[in-house]
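Subject: The structure, and what turned up in it

Hi,

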Amino acid sequence: MIATGTLSPPTLPVARRITAVGLATASGVTVAVQSRINGELGVRLADGIAAAVVSFGLGLLVLLVLVPATPAGRRGLATLRAALAGGSLRPWECLGGACGALFVAAQGLTIGALGVAVFTVAAVAGQSGSSLLVDRAGLGPAGRQAVTPNRLVGAALTVLAVLLAVGDRLGDPATLGLALLPLLAGVGLAWQQAVNGRVRVASGSVLAATLVNFAVGTGVLLAAFVVEMAVRGRPGGGLPTEPWLYLGGPVGIVFIAVAAAVVRFTGVLLLGLATIAGQVVGAALLDVVLPTTASHPGVNTLLGAALTLFAALLAAFGPPARR
């Protein structure tokens, strides 16, 4: 419940906030790795939706084994059922995985053409802008978060960053159109982090919240895949043999679990910007060290990535988030 009156709400504990930001930044690197894996899997399968189904489905299988096998996981599921039955958690708050499904599908559909760096900066622009609105509305477990100057400028800079990063490709309408999909996926990512945090608080378990996310996301992707096969037929690409191409789902578990655990200490925007910092560093390094045919980043892409990192730091070192 949000207090009203003239008194300022208490600030979040500084030590917890710093630790949470550090964990979120580290988890952001895993998102860049997942993006490269799912993007390559989408190219090999010649079907981004199929790649997303494989990624989410394997993550779900890991969680279906892990959660019931741990006492904390079993308690979390029981508490989650009670919260839903008692009305303290509403069913729509369990649908964050649908936005995660969109994000993973966007990885498989666009990274082969955009590269990891451009994909990341486009997603960052959508995520940072929507995070301001999600925090202001109080949708996350941290409650309402003020729109401070640092946060507002940080979000605005990320929009400039995406324009800078894809500026050398504006002459290609097809590529520019592809950049809109990760932009939209980033918008959904902020809402996903907010409601997954609510599920984690209601269940008292990071594992239970992560399982709900993957179950919903897998269901959405399977439905989309069935529709796609009805329209286009089965995917033309065969299953690749390299084991690393099937690690996108397990890597995604780390990101979802960390986000669900720390969002109550950071708020959605600071969580997003901290993970952005990790994503940008990881994406730029991947595109430089392990380039693909589409991921040779130019000067504008690297400058856009650097500007995004600066924007994240600007918002993170602003006034502490308040509940």
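First, a word you'll meet throughout: contact means heavy atoms within 4.5 Å. Also keep in mind that this is a predicted model, where local features need pLDDT of at least 70, side-chain atom pairs count only at pLDDT 80 or more, and totals for chains, interfaces and linings use all residues. Residues are numbered from 1 along each chain as its sequence is written, and side-chain values use heavy atoms, with hydrogens and water left out.

The overall picture

The protein chain has 10 helices and 0 strands; helices (H or I, at least four residues) and strands (E, at least two) are DSSP runs numbered from the N terminus. Of its 323 residues, 52% count as buried. Buried means under 20% relative accessible area, exposed over 50%, and partly exposed in between, using a 1.4 Å probe and protein chains only. Among contacts between residues at least 6 apart in sequence, 87% join residues at least 24 apart.

Is it buried or exposed? Glutamine 193 is buried, with a relative accessible area of 2%. Not counting residues up to four places away in sequence, glutamine 193 touches Gln127, Phe255, Ala259, Val263, Val268, Leu271, Gly272 and Thr275.

Now look at valine 62, which sits in helix 2. Valine 62 is partly exposed, at 37% relative accessible area. Leaving aside neighbours within four places in sequence, valine 62 is in contact with Pro250 and Ile253. Valine 62 and isoleucine 253 are 191 residues apart along the chain, yet their C-alpha atoms are separated by 9.0 Å.

Helix 9 and its partners

The axes of helix 2 (residues 48–69) and helix 9 come within 7 Å and cross at roughly 65 degrees. Axes are lines fitted to C-alpha atoms, for helices over the stretch in contact, and angles run from 0 to 180 degrees between N-to-C directions. Helix 2 and helix 9 are therefore roughly perpendicular to each other. (Under 35 degrees counts as roughly parallel, over 145 as roughly antiparallel, 65 to 115 as roughly perpendicular and the rest as oblique.) Here Ser55, Gly59, Val62 and Leu63 of helix 2 meet Gly248, Gly249, Pro250 and Ile253 of helix 9.

Helix 8 (residues 206–232) and helix 9 (residues 248–289) have axes that come within 9 Å and cross at roughly 125 degrees. That makes helix 8 oblique to helix 9. The residues in contact include Asn213 and Phe214 from helix 8, and Gly252 and Ile256 from helix 9.

The nonpolar cores

A nonpolar core is a set of buried Ala, Val, Leu, Ile, Met, Phe, Trp, Tyr and Cys residues joined through side-chain atoms within 4.5 Å. Which members of the largest core touch the most other members? Of its 30 residues, they are Leu63, Phe103, Phe214 and Leu221. Helix 2 supplies the largest share of this core, 9 residues. Phenylalanine 214 touches Phe56, Gly59, Leu60, Leu63, Gly249, Gly252, Ile253 and Ile256, again not counting residues up to four places away in sequence.
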